[in-house]
Amino acid sequence: MPRPFYVTTPIYYVNDKPHIGHAYTTIAADLLARFHRLAGRDSFFLTGTDEHGSKVAEAAAEAGVSEIEFCDRTVQTFQQAWKNLDIANDDFIRTTSERHEKAVWKILDAMRAAKTADGRDVVYSDYYEGLYCTGCEKFLTEKELVDGLCPDHLKAPEKLKEKNYFFRLSAFLPLLKEKIESEEMLILPQERRREVLGLFNQDLPDFSLSRERVKWGIPLSFDESQVAYVWVDALSNYISAIGYADDPDKFDKWWLGGEVVHLMAKDILKFHCLYWPAMLMAAGVKTPDTIFLHGFFTVDGQKMSKSLGAKIDPNDMVTEFGADGTRYLLLTQYPFGIDGDIQASRFVTQYNSDLANALGNLVSRVVKMVMVNFDGRLPEPPNGLAGFQELFEKAERLPNAAHEHINHFRIGKAIGEAMTMVRAANKFFNDLAPWKLAKEGRTNELGGVLYACCEILRIVSVVLFPVMPSKMRQLRSVLSLGDDTLTLDNAREFFNLEPGTEIRIDEPVFPRLKTSPRKESPVETEDDGLLDISEFARADMRVAKVLEAEAVEGADKLLKLQIDLGKEKRQIVAGIAKHYTPEKITGMSIIVVTNLKPVTIRGVDSQGMLLAVTKGKKLVLVIPDGDLPPGATIS
Ligand code: MSP
């Protein structure tokens with residue numbers, strides 16, 4: 001039996017409203033827990049709220065209510081947002097709860113009882129003086145300030161001196177480093193692991209476990225003049241929720257016996273990769289197995305910080321795209337793990353292209369043909385259809401490939417595999433033109449095509465279930481499938497659907513969204529496979545002038561071109577070497593699609609694609625008519 005899987009998100013500050021940054025991590029954690037569960041693993045998914053600290057006290061005072069009233073109120077906005085997004089967390093931890101308080105006392109007691117290898121106390125009392133930013137809830141170093149201000153909050157920090165209990169971090173650093181190097185505690189992605197290892201070369205002073213000035217916190221059991229430092233309080237949530245202080249069996253199962261995975265963005269790396277494991281080591285508790293720090297994203301190029309910049313309310317996204325559409329869109333904007341930018345203006349087009357067209361339309365077309373031609377009963381499996389073998393080989397690989405990606409936190413790739421499968425099924429359907437088979441009365445072949453597509457949809461409905469649970473349930477009910485077969489094992493089987501099963505659709509699974517104006521309710525239209533103008537308009541095509549051209553070493557078809565796009569110069573690689581010599585193409589005006597993802601072809605970076613026409617075996621460049629300047633847009 002695989003180890004139980006325990007996944008956490010950061011607990012979010014209650015003085016902020018939920019935004020899509022919080023939603024991103026929470027959806028990702030939900031997806032991981034659901035996927036592992038599909039694969040037969042016992043999974044537990046924890047999220048919650050971070051409710052103590054001076055920032056919360058300030059926000060409560062501003063709102064004219066007590067701290068706890070303020071927390072009770074904002075916690076609901078998080079819980080409601082997660083409900084709206086179909087987040088199936090197994091527990092929700094609040095740092096103001098009694099079980100949490102007990103766990104904080106317990107871990108502090110354990111740390112206080114601990115001695116270092118050379119017999120010193122791990123926890124000691126001392127004075128701390130520093131520059132404190134109430135926005136960050138932390139002391140800042142001079143180096144971190146920009147023009148004397150906290151760069152995140154644009155406020156000058158206050159100079160504070162107070163008595164604190166300190167944690168002797170230095171005593172744990174060598175062993176902690178070893179754990180990270182040996183991957184006993186795995187930090188991912190590798191770039192973040194390197195960043196953490198780099199921290200060991202810097203000065204890493206002991207940190208305070210308590211605060212004297214802050215009043216809104218958990219009072220120390222051994223000194224009521226102090227409250228637990230908000231990060232010590234917050235980090236303990238990962239164990240308080242699973243019974244560290246009050247349910248040893250539960251704690252054994254999920255923490256000691258489970259694979260513990262902390263998910264978050266890279267903003268809170270130091271607390272999670274250094275302080276937290278060191279605290280656990282001091283308290284004699286196992287360190288987490290994996291810490292995955294995904295990227296930080298901007299919205300339309302703007303930073304989404306705690307108190308500045310652009311924010312999108314996930315509830316608004318749910319209104320527009322549904323819970324499943326929102327989950328899908330947020331997780332497919334850029335690879336999980338790296339930084340990215342989210343452009344909300346592209347959501348509708350992508351929704352329509354991926355979900356309404358590729359997936360939803362396949363479902364509608366296949367099922368309607370089963371209803372019309374086979375009286376809504378699933379026909380017999382195919383027998384020697386063109387392209388079928390190839391399609392099934394792909395389908396056979398899908399569950400394991402997606403599982404493997406999920407095991408390595410490659411969420412976008414897992415989703416991408418399923419969508420590639422959907423596109424392959426669309427191609428198979430179009431290539432075999434079942435509408436013609438129906439007209440010609442070739443019932444066996446027609447049935448085979450439809451059966452094959454239903455099987456692909458069954459497999460896809462399992463793999464995409466963790467991303468879009470409710471839509472995939474809807475799709476499964478079209479195929480008369482329930483939750484009993486909602487397992488990865490089931491997806492690995494073939495010809496699993498019983499011929500004769502009732503197949504019916506009453507409404508499209510993914511109704512197309514109107515592209516403009518935005519924020520209208522979904523409308524149901526039949527898809528004709530044509531592009532919307534807005535979809536086409538996403539391609540940015542411009543006139544470019546070729547400045548230089550040269551052959552790409554070892555590739556006789558490729559030319560490397562330096563092009564002038566008016567405002568910028570770029571390099572592209574084009575497969576035209578057999579048709580244009582470098583001399584001939586240099587100086588020509590051509591047309592280039594400029595907003596494609598950069599690729600590397602034969603080791604050469606290419607940032608764009610030129611347009612050409614195939615004429616028999618020849619390739620002819622598309623050139624602008626007249627003397628158009630570089631950078632002119634093709635509209
Ligand atoms: N309360 C602390 C965490 C304590 S955990 C023991 C905190 N809270 S937070 O509300 O600021 O949440 C930070 C987390 O929200 C990030 O680590 C990330 O998971 C998520 N994100 C917030 N903004 C984000 C982006 N712009 N991009 C990606 N994730 C984002 O820090």
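Begin with α14 and α16: these two helices are roughly antiparallel to each other, because angles over 145 degrees count as such. The model on screen is predicted.

**Stop 1: α14 and α16**

Select helix α16, residues 443-463, together with α14. They pack at an angle of about 170°, and their axes are 10 Å apart. Now show the side chains at the contact. From α14, pick Ala418, Met421, Val422, Ala425, Phe428, Phe429 and Leu432. They meet Val449, Leu450, Ala452, Cys453, Ile456, Val460 and Val463 of α16. Colour this contact by class: 14 residues are nonpolar, with no polar and no charged ones.

**Stop 2: the other partner, α13**

Look at how they pass: the crossing of α13 and α14 is left-handed.

Which residues of α13 meet α14? Select Phe388, Leu391, Lys394, Ala395, Leu398, Ala401, Ala402, His405 and Ile406. On the α14 side, select Ile411, Lys413, Ala414, Glu417, Ala418, Met421, Ala424, Ala425 and Phe428. By class, this contact has 14 nonpolar, one polar and three charged residues.

Some α14 residues belong in both selections. Among them, Met421 and Phe428 meet α13 and also meet α16.

**Stop 3: step back to the domains**

Colour by domain. The domain assignment gives domain 1 as 5-294, domain 2 as 346-491 and domain 3 as 533-634.

**Stop 4: the six-stranded sheet**

Go to the open sheet with the order β3-β2-β1-β11-β12-β7. Its six strands pair in parallel. β3 (91-94) and β7 (186-188) are the edges; each has a single partner strand, so one side of each is left without a neighbour in the sheet. On average, neighbouring strands are turned by 20° against each other, direction ignored.

Strand β2, residues 43-50, runs parallel to β3 and is joined to it by four bridges. Pick Leu46: its bridge partner in β3 is Asp91.

Next, select helix α10, residues 269-283. This helix lies across β7, β11 (259-265) and β12 (290-294), and runs at about 165° to β12.

**Stop 5: the three-stranded sheet**

Select the open sheet ordered β14-β13-β15, which has mixed pairing. Its edge strands are β14 (302-303) and β15 (340-342), each pairing on one side only. Strand β13, residues 297-299, runs parallel to β15, with three bridges between them. Centre on Phe297: Gly340 in β15 stands opposite.

**Stop 6**

Move on to strand β16 (residues 541-552) and strand β17 (residues 555-564). They run antiparallel, joined by seven bridges. Pick Glu550 to find its bridge partner in β17, Lys560. The hairpin has two residues between the strands, and Gly554 takes a positive phi near 75°.

Follow β17 into strand β18, residues 569-574. How many bridges join this antiparallel pair? There are six between β17 and β18. Leu561 stands opposite Ile572 in β18. Finish at the turn: four residues lie between the strands of this hairpin, where Gly566 takes a positive phi near 80°.

Technical notes. Residues are numbered from 1 along each chain as its sequence is written. This is a predicted model: local features need pLDDT of at least 70, side-chain atom pairs count only at pLDDT 80 or more; totals for chains, interfaces and linings use all residues. Side-chain values use heavy atoms; hydrogens and water are left out. Domain bounds come from an automatic or database domain assignment. A crossing is left-handed if the near helix is turned anticlockwise from the far one by less than a right angle, and right-handed if clockwise. Contact means heavy atoms within 4.5 Å. Ala, Val, Leu, Ile, Met, Phe, Trp, Tyr, Cys and Pro count as nonpolar, Asp, Glu, Lys and Arg as charged, and the others, Gly among them, as polar. Two strands pair if DSSP finds at least two bridges between them. Axes are lines fitted to C-alpha atoms, for helices over the stretch in contact, and angles run from 0 to 180 degrees between N-to-C directions. Angles under 35 degrees count as roughly parallel, over 145 as roughly antiparallel, 65 to 115 as roughly perpendicular and the rest as oblique.
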